[in-house]
Amino acid sequence: MRINNKFVQIALVIFLTGSCQSVQKNGLTHRREKVEEVSEFFIDPGSTHQTIDNFGASDAWSCQFVGQWPLDKRKEIAGLLFSKDLDQNQNPEGIGLSLWRFNLGAGSASQGDQSGIKDEWRRAESFLQRDGSYNWENQKGQVWFAKEAKERAVENILVFANSPSVNFTRNGKAYSGSKEQSNLPRENYGDFAVYLAKAAEGLEKMGIPVDIISPVNEPQWDWADGGQEGTPFWNNEIAEIVRLLDKEIDHRNLNAKIDIAEAAQINYLYEQGNRPGRGAHISSFFNEDSENYIGDLAHVSPTISGHSYFTTSPEATLLGHREKLAQHLSEQPDIKYWMSEYCILGDNEGEINGNKRDLGMPPALYMAKVIHSDLVVSGASAWHWWVAVSPYDYKDGLIYIDKNKTDGNYYPSKMLWALGNYSRFIRPGYKRIDVKGRSGSASEQLLLSGYVHPEKEEVVLVVVNAGTEDIRTKFNLSDTEMGTVSTYVTSATRDLEKIDIQEGSNFIIPKESIVTLVYRP
C-alpha cells in the first residue's frame with residue numbers, strides 16, 4: 001500500500017529495555033557492547049495489526065484530595081496529564097492521555113475509621129448516601145479532574161468500581177469479609193446495576209459523558225485484608241450483574257459501553273489458573289456455548305480487559321503469557337484486548353523492585369518494555385497506567401505529590417514522559433504496523449513498534465535504548481516518501497524534549513532513552 005506523500009507523518013518511538021534482555025523474535029534486548037555500525041530497520045505501513053483505542057491512567061486515590069488543592073497547582077498537574085499543546089520551543093506540555101479512569105467509590109470514606117481501611121487515602125467517597133439519596137457534591141476532587149480532562153479533549157471517560165456501595169455489601173464494608181464468596185448478595189445485584197448506571201447519568205449531567213463502565217475489578221483476588229476497597233466475584237455473578245447493567249443502561253438511554261472484566265493478571269483471561277470459576281474470561285464471557293455468555297448484549301463492549309501485574313518477569317514469563325493470550329484472542333477475532341492497569345509491583349525476579357519512589361529512568365525504561373510487549377506481543381488495543389498521581393514511596397505514580405490533603409508540591413517522574421512517548425503521538429484510531437530489523441547487531445537489541453494514521457495520512461513508529469551506549473540507526477519506510485523529521489527524547493536530562501538526533505540519513509538513539517520520531521511532509 002502506498003501512502004500519499006503529501007500527508008505522510010511518522011512518529012517513531014524506539015526503546016531498549018533497562019534489563020537489556022534478548023529480543024528474540026519479539027524485540028526484547030540482550031545486554032550489549034558498544035555498537036558502531038548502522039542498525040537498519042524496515043517499516044511497512046501497509047501491513048497493519050490492531051487498532052489503538054487509547055492510553056490512560058486513573059484518578060485513584062489521590063485526585064479526591066489533589067482535585068481540591070490550589071487551582072494553579074491542580075491545573076498544572078492536569079496539564080501534564082492531558083495537554084496536547086506545545087510550548088514556545090515546540091516541546092509537548094503534557095502527555096495527552098486519551099482516556100481517564102474515574103474511580104466510582106463504594107463509600108468507605110464516609111465510614112472513617114469504621115471502614116476498616118486504615119489508610120484514609122485509600123478510602124473513597126460515593127455519590128450514593130447511606131439513606132439511599134444521592135449527593136452529587138461528593139467526589140468533588142475527582143469530578144474536577146474529570147471535567148478538566150473533557151475540557152482538554154480527552155477522548156474517553158471510564159468509570160470503574162473496586163467494590164459495590166457499602167449500602168449493598170454483605171458486611172456493610174467496602175472490602176470482603178470472606179474469601180469464599182463475593183461481598184455482594186444476589187438480591188442486591190440489581191441495586192448495584194442501578195447505582196452504576198445512575199452514577200454515569202449523574203456525571204453526564206455534570207458535563208462528563210461516560211463512555212465506558214467497568215463494574216468489576218480484579219475479581220480473582222479475595223480482598224479480605226482491608227487494604228483498599230474490593231471484592232472477589234465468580235464468573236456467573238459477573239455475567240448476571242452485566243445483564244442487569246445492560247438493561248439499566250438501556251432504560252436510561254445512556255451511550256456507555258460495559259467493559260469486562262479487568263482480570264487481576266492477564267493469564268486469567270485465557271485460563272482458570274489457581275482461581276477456578278473466576279478465570280478464563282475470554283471463553284466464559286464471549287463463547288456462545290458458555291452459560292455465562294454475554295457477548296450478544298447491546299451495551300457490552302467487544303473488549304476483554306486484564307492487568308499486566310505479576311507477568312512481566314523473567315523474560316520467558318513476559319513473552320509466554322502474552323503469546324498465549326494472543327493465541328486465544330486469535331480464536332475470538334471479534335473481540336479486542338485492553339491492558340487496563342499496571343504499575344511496577346514486587347521484585348520482578350530481581351529486575352526492578354516496586355518499593356521506593358524513583359523519578360528517574362530505570363522504572364521508565366522498565367515501563368516501556370512492558371508497554372512494548374503488551375502492544376506488540378499480545379496485541380493490546382489500549383494501555384492504562386494505574387495511579388496518575390501518587391503520594392506513596394512506591395513505583396506506582398506518573399506524578400508524585402506530598403501526602404497532604406489541601407496543598408503541597410508535585411514531582412513529575414520519567415514514567416510520565418515515557419508513557420507520553422506513546423500517548424502523546426499515537427492517537428485513537430491508529431493501527432500498529434510491521435517493523436523489522438534488517439542489519440546491524442543492535443537491530444536485535446532495540447524495541448521498536450510502529451503505527452499508521454487511520455486514513456494512512458501519517459505514521460507513528462516507536463524505540464527505547466536502556467543500554468549504556470548510543471546506537472546508530474537507519475529507518476526505511478516501505479513504498480513511502482518521507483518528509484521532515486521531528487524527534488522527541490525522554491532521558492535522564494530530557495522530558496519528551498524536541499531535539500535533533502539525526503546525522504545524515506541516520507539517527508543516533510541516545511543511551512538510556514526513549515525516542516519518538518515524527519516525519520512530516
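**Salt bridges and a buried lysine**

Glu240 is partly exposed, with a relative accessible area of 24% (buried denotes under 20%, exposed over 50% and partly exposed the range in between, for a 1.4 Å probe and protein chains only). The model is predicted, so that local features require pLDDT of at least 70 and side-chain atom pairs pLDDT 80 or more, while totals for chains, interfaces and linings use all residues. Residues are numbered from 1 along each chain as its sequence is written, and side-chain values use heavy atoms, without hydrogens or water.

The structure holds 19 salt bridges (a side-chain nitrogen of Lys or Arg within 4 Å of a carboxyl oxygen of Asp or Glu). One of them joins Glu240 to Arg186, at 3.0 Å from N to O. This pair links distant parts of the chain, 54 residues apart: Glu240 belongs to helix α6 (residues 235–251), Arg186 to the loop between β5 (156–160) and α5 (189–205) (helices, H or I of at least four residues, and strands, E of at least two, are DSSP runs numbered from the N terminus). Arg186 is exposed, at 57%.

Asp393 and Lys356 also form a salt bridge, at 3.5 Å from N to O. Asp393 lies in the loop between β10 and β11 and Lys356 in that between β9 (336–341) and α9 (361–376), so the pair ties together parts 37 residues apart in sequence.

Lys395 likewise occupies the loop between β10 (382–390) and β11 (397–401). Lys395 is buried but has no salt bridge, and Asp358, the nearest side chain of opposite charge, is 5.3 Å away. The side chain of Lys395 instead reaches the backbone oxygen of Asn355 at 2.5 Å, and one of its polar atoms lies 2.8 Å from the backbone oxygen of Asn353.

How values were computed
Lys, Arg positive; Asp, Glu negative; His and termini not counted. Polar contact = N/O pair within 3.5 Å; in protein donor to acceptor, adjacent residues only side chain to side chain.
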